[in-house]
Amino acid sequence: MKAVYATDLSAASEAAIETDTCLECLDRIGVDTLHLVTVVPANVHAGTPGIDHEKRRRRALRRYRETIEAAGLEVESHVVRGTPHRRINGIAETVGADLTIVGSRGKRTLENRLIGSTTRNLARTTVVPLLVNRIERETDDPVLIEGQLFRRVLYVTDFSENAERAFEAFSYLRHATREATLVHVETPNSPQPTGDEAPGDRLAELATRLESWDVDATVEVRAGDPAEEIITAEAEYEPTTTLLGSRGQSRLRRLLLGSVSESIVANARGNVFLVPPNRTA
């Protein structure tokens, strides 16, 4: 598997690169090649005071490269110019990446503004599964909030086609997952499983499948506002990562995504693994 790691070379952004357990988790799920990408915004010029030049960025990426190669992964580096989320998506498509990784300090818009806006835009437009690596805030020496990326997964489903697609990510995540909690939030307009099957029964079927992969699984059906209930469930179960699909399609994609998935990406305390619709759909 190939992964793109987008970095703005900040202390927060490099935290995952320098965390051995994070690199081990990536190796465990099958990632063998990591593409380091840093984007120089199009409006940044070589003589702009206080801004890293491309040469300095390449030197920083060489330092990261040594850490990643020591963990046994192959590394490719890309220093490009343009709009960050567009260039990151473009490289992910070009190299045939299986996922994109981006570090984020969370929802404070004035902290680490560049990576914050990049994370938000990637959540809306990503063409491959996106792992938002949550980093500590309000510290000069940040670390990952959850270094064991996939040890405990909170899987959220509305039984849509893309939610099912997100569940399929367990086919490789299971190699690093010990526990999973499967949650469905009922609302008056929420879609139901096919046929006459109750939500709890469908969750139980998915749990059985995970248990056949030696993943301890529990299920819960909640009721209320989906975004609020998911954030509450995260606080209760303390997963290392929340896994969900984005339901957007074609021109309506950003509008639909914003209602739940984008809220989770913005407000979850821990990591978020967001699976977009099939690009051919």
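A salt bridge is a side-chain nitrogen of Lys or Arg within 4 Å of a carboxyl oxygen of Asp or Glu. Side chains of opposite charge can pair when their charged atoms come close. In this predicted model, the count comes to 8 salt bridges.

One of them joins glutamate 69 and arginine 65, with the closest N and O atoms 3.3 Å apart. That distance is within 4 Å, so the pair counts as a salt bridge. Both residues belong to helix H3 (residues 54–70), where glutamate 69 and arginine 65 are 4 residues apart, about one turn of the helix. Glutamate 69 has a relative accessibility of 41%, so the residue counts as partly exposed. Arginine 65 is also partly exposed, because its relative accessibility is 27%.

A second salt bridge is formed by glutamate 262 and arginine 124, whose closest N and O atoms are 2.9 Å apart. This pair links distant parts of the chain: glutamate 262 sits in helix H11 (residues 261–267) and arginine 124 in helix H5 (residues 113–125), 138 residues apart. Glutamate 262 and arginine 124 are both buried.

Another salt bridge brings together the side chains of arginine 222 and glutamate 229, at 2.9 Å from N to O. This pair is part of a network: Glu220, Arg222, Glu229 and Glu236 are joined by salt bridges that share partners. Buried means under 20% relative accessible area. Arginine 222 has a relative accessible area of 8% and is therefore buried. Glutamate 229 counts as buried too, because its relative accessibility is 19%.

Definitions and conventions. Residues are numbered from 1 along each chain as its sequence is written. This is a predicted model: local features need pLDDT of at least 70, side-chain atom pairs count only at pLDDT 80 or more; totals for chains, interfaces and linings use all residues. Side-chain values use heavy atoms; hydrogens and water are left out. Helices (H or I, at least four residues) and strands (E, at least two) are DSSP runs, numbered from the N terminus. Buried means under 20% relative accessible area, exposed over 50%, partly exposed in between (1.4 Å probe, protein chains only).
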